[in-house]
Amino acid sequence: MLNTLILAAGLGTRLRPLTDRIAKPLIPIVDNSPLARQAILAKKLGSEKIHANAHHLAHQVQSAAPEIGIDKVWVEEELLGTGGPICRMWKEGERGELLVLNGDCEHNLDVESFLQKARSSGASCALLAIDNPKVNTLCIDEKNLLCGIKNKFGKDGKSNATFTGISWYSPKAWEKVREKDIRDFWEHEIPFVCTTKGNWIDIGNPEGLMKAVNSQLSTFNSQLEPAGSAGSGRKYFRMKSAGHSLILQQSHSEDKDFERFVRYGKLFSGLGLPTPEIYAVDESEKRVVMQDLGATRLCDAAQPMLYYPRVLEKLIAWQEASEKAFELDSELASRAFDEKDYAWEQSYYAENYLGTEKVFPDLIKRAAAQPRVLMHRDFQSQNVMINNSEIAFVDFQGARNGSIYYDVASLLWDPYMMLSSETVKQLFTLWFSANPRLKNIPFDSAWEDFLVASLQRIMQALGAYCFLSKKKGIKSFEQYIEPGAKRLEEIFSLHKGRC
């Protein structure tokens, strides 16, 4: 009888904060998790009973086991090491041959051939190895037997190789395992070592995780579930397995904001701001693996007005983090949104919407003179995610050191939502009253500055809708041109009435 034990009890320390949320063997990699792939492999090899051990987030492994095809999960209240779970299974009545697989790696190794060679080797246990010069710690003699492990025991051999985490034990060997560190058992039992070639990736760190994603994408034949797209050309896909999910962001090859997205994302989440955590990055392919914030944007919510006060609260927290963010990232601090940027926005609007070169110099000067904070720069309802009770901001790579009023203007006058003017003023009043940075500014002055920032923002939005729909051919933006024009007319009417 062949039993298979999939090792799934690791802490995943090097992959935090991802492994604070998901047990490492259950991390979705394209269309499945490493634990599920190992269970599929075990079944193909004829395993009659599939086991897994678990410790960190053990309840997740237990919940996933039936769907994955694991017959028994051995929860370890305290980690038993590499030999402990093998010994425990024998003591509790499991019998037969034992194949041990590693639950936190991705590979295409020929394990069936390994089993055949192990059984015919004459040894009571066997290890599957590959050549990986960085960690070739197994010392192998001329008979393909283990004669040492570097910095552990034994002597140098004829060749060296890397242990893949895949091993086999005959019933006789399984009965003898007592050590917590399985290497102590190997020193005395002398395993046969089968060295093979193939693709083997340890997903224990962000680099390994990204390599595993790239490897699976290269052989993946089905279509990944789309999770959104952006006017910038970025595409988002949802990687799912056993109730867990991650987002794979794919930027286009000429995405000049890719580096900023990664750097700002790590900065903002590190400051506790409501942005997705970034877990792995491939700069050459311009791919990012990050936290899945769900599929509901503020503009998609069934009752969006329930969320606006909390979104404004999060925006205030974002603005309150300005000094710390600027201190930690000098490039962001110096990336001021100033007169030249406001002039560009107006020219963008004039060229793409009006078909002229008209600009409004007085408006530019007034907007550029407003108090400065950390500015999201595209703070509208499509970039605010609602996930159960959580609220988070996305598409933040355009962040600047700019007007305190710009983001709130972008949110409240958003043509995607078309809030009434009365509602806009009520929500602005709420934001103004709760914002400690405005406590010494009269409401009327703040409202006037808000209208100035609002004119700027809606001109930019109108220019973008026209450019993306007419010149880029993204027709979905065409429907927002008329609402955007209506917004601009409303704001201008309110602004003119105060001049």
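Me: In which loop is Arg377 found?
Reply: Arg377 is found in the loop between strand 18 (372–375) and strand 19 (384–387), where helices (H or I, at least four residues) and strands (E, at least two) are DSSP runs numbered from the N terminus. This is a predicted model, in which local features need pLDDT of at least 70, side-chain atom pairs count only at pLDDT 80 or more, and totals for chains, interfaces and linings use all residues. Residues are numbered from 1 along each chain as its sequence is written, and side-chain values use heavy atoms, with hydrogens and water left out.

Me: How should I read the phi of Arg377, and what is its value?
Reply: Most residues other than glycine have a negative phi, and most peptide bonds are trans. Arg377, although not a glycine, has a positive phi of about 90°.

Me: Is Arg377 buried or exposed?
Reply: With a relative accessible area of 13%, Arg377 is buried (buried means under 20% relative accessible area, exposed over 50%, partly exposed in between, with a 1.4 Å probe and protein chains only).

Me: Which loop holds Asn151, and what is the phi of Asn151?
Reply: Asn151 lies in the loop between strand 8 (146–149) and strand 9 (153–154), and its phi is positive, about 65°, although Asn151 is not a glycine. Because its relative accessibility is 85%, Asn151 counts as exposed.

Me: Which residues does the cis peptide bond join, and where does Pro17 lie?
Reply: The cis peptide bond joins Arg16 and Pro17, with an omega of about 10°, and Pro17 lies in the loop that runs between strand 1 (2–7) and helix 1 (18–21).
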